[in-house]
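Biologist: Please take me through the model shown here, with the criteria behind each value.

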Amino acid sequence: NAGVTQTPKFRVLKTGQSMTLLCAQDMNHEYMYWYRQDPGMGLRLIHYSVGEGTTAKGEVPDGYNVSRLKKQNFLLGLESAAPSQTSVYFCASSYSSVGNTEAFFGQGTRLTVV
Amino acid sequence: AQKITQTQPGMFVQEKEAVTLDCTYDTSDPSYGLFWYKQPSSGEMIFLIYQGSYDQQNATEGRYSLNFQKARKSANLVISASQLGDSAMYFCAMRGSGTYKYIFGTGTRLKVLA
């Protein structure tokens, strides 16, 4: 069972470089999310998607873009990386119905911007 | 707006003892779900337990139970008979019926002492 898979697991970027983080899920979930985790701040929502072709902003969207061209994939882009974007990034997915539907998480991507 | 508050940055507990991790929440949604996740040092997010706002009984999953007090807007996690493997970061999260998003607290780092 693959579940939610994030690529890559680690990355070091120089300030100003761009990159794309890929999230893939094989559970046919409608909803997908990108979070960042920073010490003492918990998980903060960057962007999310409620279905193929849709995206929406979360709490901390500045400096990031996303796309969901296929239901199973959710991409997070950094156009011009900044040191403030050094963080651990988590992708998650869930079913659309409210209730006992927990979010399933990928293993995380540790990004360092120097 | 929805908010999750975890006021205990760190906790210690003796092995085999019980421990309570605090979580309070704020929402205007009439229906919502409350979740607890465990994050060990390896970094993955592990779902532990769920409580629905209309559930009459407190949720239990093995050694985990959720002390749900709706009037006080609290959803504390109780871990009974603590084990060394319980040492981890614990996050409380909420998802309302009117939103697609999971909102997380800042987490509590639990250390179990031998």
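Predicted model: local features only at pLDDT ≥ 70, side-chain atom pairs only at ≥ 80, totals over all residues.

Modeller: Residues are numbered from 1 along each chain as its sequence is written, chains are lettered from A and ligands numbered from 1 in the order in which they are written, and side-chain values use heavy atoms, with hydrogens and water left out.

Biologist: In what order do the 4 strands of the open sheet in chain A stand?

Modeller: Strands are DSSP runs of E with at least two residues, numbered from the N terminus, and two of them pair if DSSP finds at least two bridges between them. Strand 3 (residues 19–25) and strand 8 (residues 73–78) of chain A run antiparallel and are joined by 6 bridges; Ala24(A) lies opposite Asn73(A) of strand 8. The pairing in this open sheet is antiparallel, and the order is 1-3-8-7.

Biologist: Why is one side of strand 1 and of strand 7 in chain A left without a neighbour in the sheet?

Modeller: Strand 1 covers 4–7 and strand 7 covers 65–67.

Biologist: Which residue is joined to Cys23(A) by a disulfide?

Modeller: A disulfide is a pair of cysteine sulfur atoms within 2.5 Å, and the count over all chains is 2. The S to S distance here is 1.8 Å, and the torsion about the S-S bond is about -75°, so the link is left-handed. The partner of Cys23(A), 68 residues apart from it, lies in strand 9 (residues 87–94) of chain A. That partner is Cys91(A).

Biologist: Is Cys92(B) buried or exposed?

Modeller: Cys92(B) forms a disulfide with Cys23(B), the sulfur atoms being 2.0 Å apart; with -65° about the S-S bond, this link is left-handed. Buried means under 20% relative accessible area, exposed over 50%, and partly exposed in between (1.4 Å probe, protein chains only). Because its relative accessible area is 0%, Cys92(B) is buried.

Biologist: How many salt bridges does the rule find across the interface of chain A and chain B?

Modeller: Contact, meaning heavy atoms within 4.5 Å, takes in 23 residues from chain A and 17 residues from chain B. A salt bridge requires a side-chain nitrogen of Lys or Arg within 4 Å of a carboxyl oxygen of Asp or Glu. Across this interface the number of salt bridges found is 0.
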